[in-house]
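These are my notebook entries on what I looked up, set down in the order in which I went through it.

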Amino acid sequence: MFRSLLARLVEPTAEVSAHCDLPCGIYDPVQAKLEAQSVKACMEKVKDNQDPDFVARARTVKEERSDLVKHHLWVLWTDYFKPPHFEKYPQLHQLFNEATKLAGAGGTKASWDVAVADQLLAKIDEIGDIFWETKKAAA
C-alpha cells in the first residue's frame, strides 16, 4: 500500500517529448572552425618568433583551442546528429573520428605544422557541408 501511494505521488502527470536537449538552432560547426582557425594562427605566429615565452604561451593557447575544437565537434556528433543522419551520410562517423584525432595529441595539439591545421579545417568543412544539408532538409 505504501508503494502504490508513493508511486502515485511520483508518477508523472503529463508526458512530454523533446526533439533535442536544447531548442533547435543552437548547433553550428562554425564554433569548431573558429577554434581551428585560432590553432592555425598560433602555428603561423610561432614560425617567425624565437622568444621562448611567446612560444610557450602560443603552445598553451594552441592546445586549449585544439581541445575546444574537439569539444564542439563532439557536441555536434553526439547531440545534433541523429541516427537518420548517420544512415543518410554513412561517412559521418569517420569524418568526426578523423577530425577529432586531427585536433588531438596526434594532430594540432602536438604539431606546429600548418598543413595539419589545414587538414583539420578541411574535415570541419566537410562536416559543416553535411550539417547544412541536414538543416535545409529539416526546414
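Where does G107 lie? I began there, keeping in mind that this is a predicted model, and I found G107 in the loop between α5 (92–102) and α6. I then looked up its cover: G107 has a relative accessible area of 1%, and since buried means under 20%, I noted G107 as buried. From G107 I went on to L120, which is 13 residues away in sequence, and the C-alpha to C-alpha distance between G107 and L120 is 8.4 Å.

Next entry, on helix packing. I keep two values for each pair, because two packed helices are described by the angle between their axes and the distance between the axes. For helix α3 (residues 52–80) and helix α6 (residues 114–138), I found that the axes come within 12 Å and cross at roughly 30 degrees. The crossing of α3 and α6 is left-handed.

I then turned to α3 and helix α2 (residues 30–47), whose axes are 8 Å apart and which pack at an angle of about 160 degrees. An angle over 145 degrees counts as roughly antiparallel, and therefore I described α2 and α3 in that way. The crossing of α2 and α3 is also noted as left-handed.

Last entry, on the surface. I looked up a nonpolar patch of about 560 Å², made by F2, L5, L6, L9 and V10. Of these I followed L9, which is found in helix α1 (residues 2–10). L9 has a relative accessible area of 67%, and because exposed means over 50%, I wrote L9 down as exposed.

Note on methods: Residues numbered from 1 in each chain as written. Predicted model: local features only at pLDDT ≥ 70, side-chain atom pairs only at ≥ 80, totals over all residues. Heavy atoms only, no water. Patch = residues over 30% accessible without salt bridge, like charges linked within 9 Å, V, L, I, M, F, W, Y side chains within 5 Å. Areas by Shrake-Rupley, 256 points an atom, 1.4 Å probe, with all protein chains shown as cover. Salt bridge = Lys/Arg side-chain N within 4 Å of Asp/Glu carboxyl O. Helix = DSSP H or I, 4+ residues; strand = E, 2+ residues; numbered from the N terminus. Buried < 20%, exposed > 50% of the residue type's maximum accessible area, 1.4 Å probe, protein only. Axes fitted to C-alpha atoms, helices over the stretch in contact; angles between N-to-C directions. Left-handed = near helix turned anticlockwise from the far one by under 90°. Parallel < 35°, antiparallel > 145°, perpendicular 65-115°, else oblique.
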